[in-house]
Amino acid sequence: MFGALFAGASLITPFFFGTAVGAIASGRVPAEGYGDVVRSWLNPTSLLGGTLAVGTSAFLAGVFLTADAARSGDHALADYLRSRTLIVGGVTGVVAIAAIAPIRRDAPTLGAGLLGRALPLIALSAAAGVLTLVLVYRRRYGWARVPAATAVAAIVIGWAVAQTPWILVDQMLIADAAGARATLLGLLAVVAVAAVTVLPALAYLFWLTQTDAWVRDEPVSVESPEQA
């Protein structure tokens, strides 16, 4: 039961996040609010966005978990995850390519951006995804994490670039929704401070979780009550 609940949560969270992004990117979220409560979500762009969000999340998780299993010496688990990661990566890539045509029809502004100024990022994501699959197939799991993260980051940034300058596509420009200049400068200052103070700690934490340098396999000696 716990496994089913965890799997369900891991599925619906990225799916509905993707459908929300698709609703915005297809111009179905009006600036004044109160969009169609059904068609805002049940449309080709939203459904494709949700599917791609699930696929990319599963692919990225599969690459990292396969690397973790191999590093811990559980090669049976690594092979189990490897085959599924290859399948998920291949299916997600096919869906991403096939999604271009319906997105161009359903969300022409986004479609033009994807095949225009965002095309280099989309190509980078595709190339990084193919490289990840090759590395996973060759069992180079540690190296595969870098292009896997690059592929997902490039597609997310590419989607944002494609809908620029709109924050709500065909409804509201980014410039119209921006806050006061003082607010934006204050936000940038906070982000800069966070980058200096938080990112190094996160990088160190990631390094600790990805290496065994701090783990000791030596048994711990525990004194008996008589020895104490």
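This is a predicted model: local features need pLDDT of at least 70, side-chain atom pairs count only at pLDDT 80 or more; totals for chains, interfaces and linings use all residues.
Q: Which residues are closest to the centre of the second largest pocket?
A: Lining residues are those with an atom within 4 Å of a point. For the second largest pocket there are 13 of them, and the closest to the centre are S57, A58, A61, G62 and L65.

Q: Which element supplies the largest share of the lining of the second largest pocket?
A: Helices are DSSP runs (H or I, at least four residues) numbered from the N terminus. At least two lining residues come from each of α1, α2 and α3. The largest share, 6 residues, belongs to α2.

Q: How many charged residues are in the lining of the second largest pocket?
A: Asp, Glu, Lys and Arg count as charged. The lining of the second largest pocket has 8 nonpolar and 4 polar residues, and its charged residues number 1.

Q: How much space lies in the largest pocket?
A: The lining of the largest pocket takes two or more residues from each of α1 (2–25), α2 (44–71), α3 (75–98), α4 (100–106), α5 (108–114), α6 (119–137) and α7 (141–163). By class, this lining has 24 nonpolar, 12 polar and 1 charged residues. The space in the largest pocket is about 1,000 Å³.

Q: Which residues lie closest to the centre of the largest pocket?
A: The lining of the largest pocket consists of 37 residues. Those closest to its centre are L52, T56, A96, S125 and I155.

Q: How many residues apart in sequence are the parts that R28 and D106 tie together?
A: R28 and D106 form a salt bridge, with their closest N and O atoms 2.7 Å apart; the term requires a side-chain nitrogen of Lys or Arg within 4 Å of a carboxyl oxygen of Asp or Glu. R28 lies in the loop between α1 and α2 and D106 in helix α4, so the pair ties together parts whose separation in sequence is 78 residues.

Q: Is D106 buried or exposed?
A: Buried means under 20% relative accessible area, exposed over 50%, and partly exposed in between (1.4 Å probe, protein chains only). R28, at 24% relative accessibility, is partly exposed. D106 has 19% relative accessibility and therefore counts as buried.

Q: Which helix holds both R71 and D68?
A: R71 forms a salt bridge with D68, the closest N and O atoms being 3.0 Å apart. R71 is partly exposed at 30% relative accessibility, and D68 is partly exposed at 23%. The two residues are 3 residues apart, about one turn of the helix, and both lie in α2.

Q: Which helix contains D79, the salt-bridge partner of R139?
A: The closest N and O atoms of R139 and D79 are 3.4 Å apart. R139 is partly exposed at 45% relative accessibility, and D79 is partly exposed at 35%. The pair ties together parts 60 residues apart in sequence, because R139 lies in the loop between α6 and α7 and D79 in helix α3.

Conventions. Residues are numbered from 1 along each chain as its sequence is written. Side-chain values use heavy atoms; hydrogens and water are left out. On a 1 Å grid over the protein atoms alone, a cavity is a set of points where a 1.4 Å probe fits but cannot get out, and a pocket is an open set with protein on both sides within 12 Å along at least five of seven lines; lining residues have an atom within 4 Å of a point. Grid points are joined across faces, edges and corners, and a volume is the space filled by probe spheres set on the points.
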